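Thanks for coming. I will go through one structure today, starting with a sheet and ending with the ligand. Please have the sequence and the coordinates open.

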Amino acid sequence: MIGTANGTRIGITGLGCHVPDRVLTNDELSTLVETTDEWIVERTGIRERRIAAEDEALTDIALPAAREALADAGIEPHEIDLLVCATVTPDMMFPTSSALLADELGMPDAAAYDLLAGCTGFVYAIAQAYGMLASGVSRRALVVGGDVLSKILDWHDRSTLILFGDGAGAVVMEPVQRGGFLGFELGADGGGGEHLWLPGSGSRRFDAPDGLVKMNGREVFKFATRVMVSSAEAVLATCGRTIDEVDVYVPHQANVRIIDHAARKLGVPQEKVVVNVDRYGNTSSGSIPLALADARDDGRLRDGQLVLMTGMGAGLTWGSALIEWTHDGNGVLR
Ligand SMILES: CC(C)(COP(=O)(O)OP(=O)(O)OC[C@H]1O[C@@H](n2cnc3c(N)ncnc32)[C@H](O)[C@@H]1OP(=O)(O)O)[C@@H](O)C(=O)NCCC(=O)NCCS
């Protein structure tokens, strides 16, 4: 799916994020599986990640992120009429985490549903919310992206254990006077699904499933380096923009080598690339909003800037969104 955002101007007017307190370093990991800090840093760029406590579930880390996004936008929870939560690690299959969040936050009028698109979930979710808002079906949306992948990792498998961390982010989306989303490109290839999968997690029968993530790292790496470039190029071309016009590039934080490869191929200079995979690892649906929050906090995400987000993940899925940032409070239509 690819298209320009021709409906009502819709922007991001509030942003929040949250990670668990517990920091897990590479050195600590090397006491659990056969690996070293040196290997992990060289192959992935990851130095540490956050891990949820035993009694902490997705909504526990998503709630503070959602509250921060609402406060940042300066709106009350009851003003939200759509809540989409992108995650592959909901508290449980049902009730959905979005319904639980809407209840905790106090959003009695909100439609609420979870969205599954692997690590691309957040990009899919903002595209969906855009459609609801631009068509006038929804007035104001809260989009949450977050995962607690530590709960479904095989803590004996060094190939996956080193990569992932827990975290969540949230954005408020609503009509704006200027800027806003310019276009989206989304795709999926179920044929490659078994390169990153969770067999036994649904209605398909598997013999003795352990309920833990399985991954073919090399295949996912090849896929990632391809789609991170092709998806970004496609959305830019469709929106009639060039890579030189992009001020802030927010790639999915999976591996610094994948990010460097995509930036090099696209021709994005390092100073425009947001990287925090060293501190958080791959937080799946939390990755892009966490990176957006970092860019805002270090002063790089300013009003009027062109921001390119590209994600990829299980499915296999990928997606890009192009937005002109209007987050200064003045451009909001209320
Ligand atoms: C997983 C990944 C880091 C592995 O890096 P790589 O450079 O491809 O490494 P390889 O798989 O080729 O393994 C190289 C060697 O290191 C070993 N190795 C694998 N994991 C290791 C670890 N954590 N520590 C030490 N050695 C490790 C392998 O066993 C292999 O040993 P061998 O040569 O004796 O067989 C990389 O493939 C990757 O990042 N893939 C994408 C994964 C991803 O992003 N998934 C999420 C998408 S949303």
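Five strands make up an open sheet, and their order across it is E1-E9-E14-E13-E12. The pairing in this sheet is mixed. At the edges are strand E1, residues 2–4, and strand E12, residues 248–251, and each of these pairs on one side only. On average, neighbouring strands in the sheet are turned by 10 degrees against each other, with direction ignored. Keep in mind throughout that this is a predicted model.

Strand E1 runs antiparallel to strand E9, residues 180–188, and three bridges join the two. Within that pair, Ile2 stands opposite Glu185 of E9.

Now the helices on the sheet. Helix H7, residues 217–238, packs on it and touches E1, E9, E12, E13 and E14. The direction of H7 makes about 145 degrees with that of E13. Helix H5, residues 121–134, lies across E9, strand E13 (306–313) and strand E14 (317–324). The angle between H5 and E9 is about 125 degrees.

Next, the nonpolar cores. The largest one has 45 residues. Among the residues with the most contacts inside it are Ile243, Tyr249, Leu308 and Leu322. H7, helix H8 (256–266), E13 and E14 each supply at least two residues of this core. Which element gives the most to it? That is H7, with nine residues.

Setting aside neighbours within four places in sequence, Tyr249 is in contact with residues including Met228, Ala262, Leu266, Val268, Leu308 and Thr310. Lys272 is also one of its contacts. There is a second, separate core of 40 residues, which includes Leu115, Val250, Ile288 and Ala293. As background, nonpolar side chains tend to be buried together in soluble globular proteins.

On to the backbone. In general, most residues other than glycine have a negative phi, and most peptide bonds are trans. Which peptide bonds are cis here? Pro95 sits in the loop between strand E5 (82–86) and helix H4 (97–105). Another cis bond joins Gly315 and Leu316, where omega is about -5 degrees. Leu316 is in the loop between E13 and E14, so to speak of the sheet again, those are two of the strands in its order.

Two residues other than glycine have a positive phi. Ala208 has a phi near 45 degrees and lies in the loop between strand E10 (196–197) and strand E11 (214–215). Ser284 has a phi of about 60 degrees and is found in the loop between helix H9 (277–280) and helix H10 (287–297). Buried or exposed, for Ala208? Ala208 is exposed, with a relative accessible area of 74%. Ser284 is buried, at 3%.

Last, the ligand. There are 24 residues around the ligand, and Thr35, Arg43, Arg158, Arg218 and Asn255 come nearest. An N or O atom in the side chain of Arg43 is 2.7 Å from a ligand oxygen atom. For Arg257, a polar side-chain atom lies 3.4 Å from an oxygen atom of the ligand. Trp39 has a side-chain N or O atom 3.4 Å from a nitrogen atom of the ligand.

That is the end of the tour. I will take questions now.

Terms used. Residues are numbered from 1 along each chain as its sequence is written. This is a predicted model: local features need pLDDT of at least 70, side-chain atom pairs count only at pLDDT 80 or more; totals for chains, interfaces and linings use all residues. Side-chain values use heavy atoms; hydrogens and water are left out. Two strands pair if DSSP finds at least two bridges between them. Helices (H or I, at least four residues) and strands (E, at least two) are DSSP runs, numbered from the N terminus. Axes are lines fitted to C-alpha atoms, for helices over the stretch in contact, and angles run from 0 to 180 degrees between N-to-C directions. Contact means heavy atoms within 4.5 Å. A nonpolar core is a set of buried Ala, Val, Leu, Ile, Met, Phe, Trp, Tyr and Cys residues joined through side-chain atoms within 4.5 Å. Buried means under 20% relative accessible area, exposed over 50%, partly exposed in between (1.4 Å probe, protein chains only). A residue is near a molecule or strand if one of its heavy atoms lies within 4 Å of it. A polar contact is a pair of N or O atoms within 3.5 Å; within protein, one must be able to donate a hydrogen and the other to accept it, and residues adjacent in sequence count only if both atoms are side-chain atoms.
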